[in-house]
Amino acid sequence: MARKITIEPVTRVEGHGKVTIHLDDEGRVSQARFHVVEFRGFERFVQGRPYWEIPVLVQRLCGICPVSHHLAGAKAMDIIAGVPPGKLTPTAEKIRRLMHYGQMLQSHALHFFHLASPDLLFGFDADPAVRNIIGVAKFHRELAVHGVILRKFGQEIIKATAGKRIHGTGAIPGGVNKSLTPEERDYFLKSPAPYNIDTIIDWAQEAIEVFKKLHQENKDVLDSFAAFPSNHLSLVRKDGALDFYHGVLRAVDAEGRKILNDVDYQDYLKYIGEEVRPWSYMKFPYLKKLGKEKGWYRVGPIARLNTCDYIPSPRAQREFEIYKAYTGGKPNNMTLHSHWARLIELLHAAEIIKDLLNDQDITGSKLVKKGKKQLEGVGLIEAPRGTLFHHYRINKDDQVAMANLIVSTTNNNEAYNQAVRWVADKYISEKPEITEGMLNRVEVAIRAYDPCLSCATHALGQMPLEVDLYDARGQLLDSKRK
Amino acid sequence: MSKRETGDIKILVFGLGNPARQDDGLGPAFISRLEKAKIPGLILEADYQLLVEDALLFSEQQLVVVIDALKSGKKPFVFKKIKPAGEASFTTHHLSPEALLYLTQVLYEKNPEVWLLGIRGYRFSLGEKLSPKAQENFEAACEFLVKVLRAVISSGSPSAIIDFQSSTSSRGKKHGAKEKGIAGS
C-alpha cells in the first residue's frame with residue numbers, strides 16, 4: 001500500500017519546514033521533498049520604505065542571523081549612496097568586518113556545540129531525551145560551556161560594533177555610525193580568561209580536535225551519510241582567499257572545475273536564475289550556464305572551503321590543508337563534513353577578530369563617506385549558512401521600488417531535497433514502520449546545512465514535531481508528535 | 001551591554017519576539033515600555049528568542065521575567081512561575097524558558113526564580129503594529145507587571161511576587177499564577 005510520510009515541522013532548525021516522503025505500492029520511495037510552508041513576503045514588505053532604513057529593517061527577516069541581513073543590506077545601500085565596495089573608510093570596513101566575523105563565530109558555535117554535536121556525540125539512534133543540548137550539558141559539560149562562552153563572545157562583539165544585541169544600527173549607507181573605544185577593544189583583548197580572544201581561539205582549535213576524534217571513530221558514517229556530488233558557490237577574495245565579507249563570485253563543480261570564474265556580483269542576474277516550483281514557496285536557484293537541471297549548487301561552509309584557494313589566517317590554514325588533503329585536494333562533497341568545514345571557519349573567524357582588534361583603524365573616527373546617489377545596488381555577503389544576495393532599486397523619492405533577496409537557505413534548496421532523498425532511499429524505503437532513528441536521519445541531513453526558514457516568529461507553543469503517515473488514498477495511517 | 005542602575009535584587013526582564021511580525025513583537029514592545037518607565041534596578045533585554053548563552057545571563061540574576069506572545073488562550077495575559085525542564089521538547093535555535101533554566105542549573109549551578117508573562121496576541125504575519133486587541137492586553141499586562149516589579153524591588157526578594165499575587169487574588173484579580181499550564185502552551 002502506497003504511503004505518504006510527513007514530518008512537520010523539522011525540529012532543531014529555525015522556522016517551519018516540512019518533509020514529505022511518498023512511497024509506492026511496494027514501499028519504495030517514489031518522491032522525497034523538503035517544503036517551505038510559509039511565504040516570506042519580505043520583498044514586498046520593504047517596498048516604499050526609504051532606502052536608508054533598509055540595513056535596520058532587514059534584520060527583522062531573521063532572528064538567527066540578523067547581522068548578515070544588516071550588512072548585505074548596508075552593502076547594497078553603499079552602492080545606492082554612491083560609495084562602492086572598497087571605498088568605505090578603513091575604520092568603517094574593519095568595524096563591519098569585526099561585526100560580521102563576530103556573528104560567524106557565534107553562529108557557527110551555536111550550530112556545532114548545540115545543534116550538531118548531540119547527533120555526533122550520542123549517535124543518530126540515541127534516546128531523543130538525551131540527544132539534545134540538555135544531554136550535552138549533562139554528559140559533556142565542558143563542551144557545552146565552551147559553546148556558551150564562544151557564542152557569548154561573538155554576541156558581545158556584535159553589541160560593541162552594532163550598538164545593540166538586536167536591531168543594531170552600526171552599518172549605515174556609506175559607512176558605520178560608531179567605532180570601538182579603546183576600552184571596548186581592550187575588553188576583548190585583555191579580559192581574564194575565558195573572556196578574551198586568545199582563549200576563544202584556543203577553544204575554537206579544541207572544537208576542531210573534537211570533530212577529528214569523532215571522525216576517526218565514525219569515519220564510515222561521517223564520510224558517507226547523505227553525501228552526493230554537487231556544484232559549489234561562494235564569494236572569494238580577489239586573490240582566491242576565503243573571505244566572508246567581500247569579494248567576487250566563484251562556482252566550481254564536484255570535481256573542482258570552475259563554472260563561474262571570479263565574476264562581479266553586481267551582475268549576478270547574468271549568472272544565477274531562480275526556478276519556481278508549484279509545491280514550495282522557496283525558489284530553486286541555479287547557475288544559468290548549466291541550466292535548471294544541472295545548475296543547482298550548494299552554499300555554506302562546505303562550499304566555501306571548496307571554492308577558496310586558501311585561508312588567510314595561520315591556524316585555520318593549517319587545518320584547511322589537513323581538510324583538503326583528506327579528499328586529495330578535490331572538492332569535498334560529504335555532507336557531514338560541513339561540520340568540519342564550519343569549525344575551521346570558526347577558528348578563522350576567531351583569528352581574524354584578533355587581527356582586527358589589534359588594528360588601530362577600529363578605534364578611528366572617520367566613519368562615513370558620501371558619493372553620487374545611484375538607483376540600484378546589489379549587496380552580497382557570506383552569511384554563516386552561505387551566500388546571501390540583497391538587490392534593490394529605488395525611485396526618485398528615495399523609496400525602495402524593488403527588492404530581490406536570495407537567502408542562504410534558498411541557495412541550498414535543491415541540496416536539502418537531495419539530502420532528504422538520499423536518506424529516504426537508504427533508511428525509509430521498504431521499512432515496516434517509521435522509527436525515531438529514521439526520522440532523525442532526515443533531520444540530521446537537513447541540519448547539516450543549518451537551514452533558517454522562518455522570519456523568526458516563534459510565539460509560545462508553536463514548534464511541535466508532527467509525523468503523519470498516509471496511504472495512497474490520503475488516509476491517515478499513523479501520526480506521531482513530540 | 002546592559003547596565004544595572006540601582007537596587008539590591010538582581011532582576012532581568014527579557015522580552016521575546018519579532019517586531020516585524022505584528023503581535024509577535026509584544027515582548028520587545030514591553031521592553032521599550034519599561035525602558036521609558038525607568039524603573040531602577042532592572043536589566044532589560046529583547047531578542048527574537050532565548051538562546052543557550054542566555055544561561056550565563058540567567059545565572060547572574062535572582063529573578064528573571066520572560067515576556068512572550070501567546071497564540072491562544074482566553075485571558076489577556078498569564079503570569080506563571082517556571083520550573084526547570086530537561087526534556088527535549090524544544091528546538092535549539094531557540095530554547096524554552098524551562099529548558100534554559102534547566103541549563104542554568106546544570107552548567108552554572110545557579111537557580112534564579114523565573115517567571116513567564118505570556119500576553120495573548122492574535123496576528124502574526126508581516127507588519128509592525130500590534131493588533132488593537134493585543135494592544136489592550138499589552139496595556140493590562142504592563143500595568144500588572146510594573147506593580148509586581150515595584151513590589152519585588154521594594155521588598156528586595158522575589159518572594160514578593162507570591163505576596164502580590166495573594167493580595168490581588170484576594171481582591172479578585174488573579175492572573176493565572178496558580179494555573180498548571182500557560183494558555184497557548
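How many of the 185 residues of chain B count as buried? The figure is 50%, where buried takes 20 or more other C-beta atoms within 10 Å of a residue's own, exposed takes 12 or fewer, partly exposed is in between, and C-beta atoms are placed from the backbone.

A quick word before the views: this is a predicted model, where local features need pLDDT of at least 70, side-chain atom pairs count only at pLDDT 80 or more, and totals for chains, interfaces and linings use all residues. Residues are numbered from 1 along each chain as its sequence is written, while chains are lettered from A and ligands numbered from 1 in the order in which they are written.

**View 1. Here are the two chains in outline.** Chain A has 17 helices and 16 strands, helices being DSSP runs of H or I with at least four residues and strands runs of E with at least two, both numbered from the N terminus. Of its 482 residues, 55% are buried. Chain B has five helices and five strands, and along the sequence they run β-α-β-α-β-β-α-β-α-α. Say that two residues are in contact if their C-beta atoms, placed from the backbone, lie within 7 Å. Taking contacts with a separation of 6 or more, residues 24 or more positions apart supply 70% in chain A and 76% in chain B.

**View 2. Now for the nonpolar cores.** A nonpolar core is a set of buried Ala, Val, Leu, Ile, Met, Phe, Trp, Tyr and Cys residues joined through C-beta atoms within 7 Å. The largest one holds 166 residues, and Leu105(A), Ile344(A), Ala350(A), Ile353(A) and Leu117(B) have the most contacts inside it. Helix 4 of chain A (residues 90–122) is its top contributor, giving 14 residues. Zoom in on Ile353(A): apart from neighbours within four places in sequence, it touches Leu98(A), Tyr101(A), Gly102(A), Leu105(A), Ile157(A) and Ile197(A). There's also a second, separate core of 26 residues, with Ala32(A), Tyr416(A), Ala424(A) and Ile428(A) among them.

View 3. Strand 13 covers residues 386–394, and eight of its nine residues are buried. Strand 12 (residues 376–383) pairs with strand 13 in the antiparallel sense over eight bridges; for strands to pair, DSSP must find at least two bridges between them. A two-residue hairpin links strand 12 to strand 13, and Gly379(A) sits opposite His390(A). Strand 14 (residues 400–406) is also antiparallel to strand 13, over six bridges, with Tyr392(A) opposite Ala403(A). Five residues lie between the strands in that hairpin, and one of them, Asp398(A), takes a positive phi near 70 degrees.

**View 4. Helix 3 of chain B has cover from both chains.** This helix (residues 97–108) has twelve residues and reaches 16 Å from its first C-alpha to its last, close to the 16 Å expected at 1.5 Å a residue; the expected span is 1.5 Å times one less than the number of residues. Its buried residues include Pro97(B), Tyr102(B) and Leu107(B). Helix 5 (133–139) and helix 6 (141–162) of chain A are part of their cover, along with helix 2 (54–59), strand 3 (63–70) and strand 5 (113–120) of chain B. Just past the helix, Glu109(B) has a positive phi of about 55 degrees.

**View 5. We finish at Arg44(A), in helix 1 (residues 42–45) of chain A.** Arg44(A) counts as exposed because 10 other C-beta atoms lie within 10 Å. Trp296(A) is 252 residues away along the chain, and the two C-alpha atoms are 26 Å apart.
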